[in-house]
Amino acid sequence: MTVLALETSCDETSAAVVRDGRVLSSAVSSQIKLHAEYGGVVPELAAREHLRNLIPVVQTALRDADVTPEQLDAVAATQGPGLPMALLVGFKAAQAVAFSLRKPFMGINHHEAHLYSPWISQQPAPLAPSLSPPGGERVVEDRVRGENAGGIFFADFTAFQPNVSLIVSGGHTMLVLVESELKHRVLGSTVDDAAGECFDKTGKLMGLPYPAGPEIDRLAEQGNPKAFDFPRPLLNDPGDDFSFSGLKTSVRYFLRDHPGILDDTQRVRDLCASIQAAIVEVLVKKTIRAAKRNHVRCVTASGGVTCNRALRRELARACEREGFELRLAEKSLCTDNAAMIGILAERKLVQQIPASTFDEEIKPGWVLA
Ligand code: KG4
Ligand code: ZN
């Protein structure tokens, strides 16, 4: 089965072509630079950029996959959650394409797609053909080609086993028990800020550009994580919910009480490492605890914050110590992408889950249950 998938829930315009579990192509145009000027995502601008970029991104994905619209068996798009105007662009476009091709359309929950992204892994390519000549890539910055030098992205569900999945991004932080394929139950989520938001907001307090997560990650590599002691909110709470706004507030007070600290490069690195250590410790300990309590043998993680090196390292250490198999989404699939939307849509269609109807609408507040 060959599926074209679109993702426009926030600030990445993405299209991917998936066939029989393989990611034939994945094109992503990120709007990060545009929103950086405003210190965060501006919904109206995001929607306009999606409108501008969607067709070139889809053209790139089809060309990279060497697939024509007539060869598609289905079309999928993120239906929610996300920014309403942003979602509308990809969702309605995908419905229109499916309608005109007389093919099934599948609306996908963005978080449910994240749950399965750790099962998509890169397998070595035999002989890498060169990338197709450029064209239409004015806005397409990041491509995952089916057969690029790095290898082929392939979703291996034969290896699937029940797991506890951490989804950790700029908008969400949640722990989900994935009991079997396409069957899950949310164990807990953040009661206030998401972990990525905590990285971004504390970084903003330190004067770092948006999004601050990657910058804190970089600076923290040369800092002392024990230099400053920040709170680990809800760490000892027996539930699976998270809270990060208190940590952000304590960083604000810390900066108020230590004027001048931002002028000292090494102290800034220490500060970044200490904030990161607090976030990572909460995420890792609560994930491991949930995995033990639910008697699974596997832990997975996805979402933008899963790019964080300390989080990847600490999850790996903890899982090794506790005897869990760990599956981290590949870095290029941690942030928002249409490949994971296509993989889940194909999975659902193969398992005879009914396609969405053409009168369905976006669900901006669609909560994973
Ligand atoms: O999944 P994502 O691309 O978008 C959504 O929020 O849905 O995640 C973006 C978030 C931002 O908050 C960004 O700061 C964070 O992921 N992030 C990181 C890193 N890379 C991205 N946070 C910490 N360390 C990183 N290396
Ligand atoms: Zn996401």
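Which residues coordinate the zinc ion (ligand 2)? I started there and found H110 (NE2), H114 (NE2) and D336 (OD), at 2.1 Å.

**Ground rules**

I'm working on a predicted model, where local features need pLDDT of at least 70, side-chain atom pairs count only at pLDDT 80 or more, and totals for chains, interfaces and linings use all residues. Residues are numbered from 1 along each chain as its sequence is written, chains are lettered from A and ligands numbered from 1 in the order in which they are written, and side-chain values use heavy atoms, with hydrogens and water left out.

**Entry 1**

I looked up what makes an atom a donor: N, O and S atoms within 2.8 Å of the metal count (3.2 Å for Na, K and Ca), and water is not among the atoms, so sites may look incomplete. Along the sequence, the donor residues of the zinc ion (ligand 2) follow the spacing H-x3-H-x221-D. H114 sits in helix α4 (residues 110–116) and D336 in the loop between α10 (331–334) and α11 (338–350), so this pair ties together parts 222 residues apart in sequence. Helices here are DSSP runs (H or I, at least four residues), as are strands (E, at least two), and both are numbered from the N terminus.

My cut-offs: buried is under 20% relative accessible area, exposed is over 50%, and partly exposed is in between (1.4 Å probe, protein chains only). H114 is buried at 1% relative accessibility, H110 is buried at 5%, and D336 is buried at 16%.

**Entry 1: ligand 1**

Which residues come nearest to ligand 1? Of the 17 residues around ligand 1, I noted G170, D200, D217, G304 and N308. A residue makes that list if one of its heavy atoms lies within 4 Å of the molecule.

Then I went through some atom pairs. A backbone N or O atom of G196 is 3.3 Å from an oxygen atom of ligand 1, and a backbone N or O atom of G213 is 3.2 Å from an oxygen atom of ligand 1. For D217, a polar side-chain atom lies 2.8 Å from a nitrogen atom of ligand 1. Ligand 1 taken alone exposes 550 Å², and the protein buries 88% of that. Those areas come from the Shrake-Rupley method with a 1.4 Å probe; for residues, only the protein chains shown count as cover.

**Entry 2: aromatic rings**

My pairing rule: rings of Phe, Tyr and Trp (its six-membered ring) pair if their centres lie within 6.5 Å, and planes under 30 degrees apart are stacked, over 60 edge-to-face, and the rest tilted. I got eight aromatic pairs by this rule. F242 and F244 make a stacked pair, 6.1 Å centre to centre with 10° between the planes. F242 is buried, with a relative accessible area of 0%, and F244 is buried with 0% as well. I also found one aromatic cluster formed by F91, F99, F105 and F358.

I came back to F242 to look for a charge over its ring. The test is NZ of Lys or CZ of Arg within 6 Å of the ring centre and within 35 degrees of the ring normal. K286 lies over the face of F242, 5.7 Å from the ring centre. K363 lies over the face of W366, at 4.2 Å from the ring centre.

The bond from G80 to P81 is cis, with omega near -10°; P81 is in the loop between β4 (74–80) and α3 (84–101). The bond from Y210 to P211 is cis, with omega near -10°, and P211 is in the loop between α5 (195–205) and α6 (213–220).

L234 has a positive phi of about 60° although it is not a glycine. I placed L234 in the loop between α6 and α7 (245–257), where L234 is partly exposed at 29%. Q352 has a positive phi near 65°, lies in the segment after α11 and counts as exposed at 67% relative accessibility.

Terms used: A polar contact is a pair of N or O atoms within 3.5 Å; within protein, one must be able to donate a hydrogen and the other to accept it, and residues adjacent in sequence count only if both atoms are side-chain atoms.
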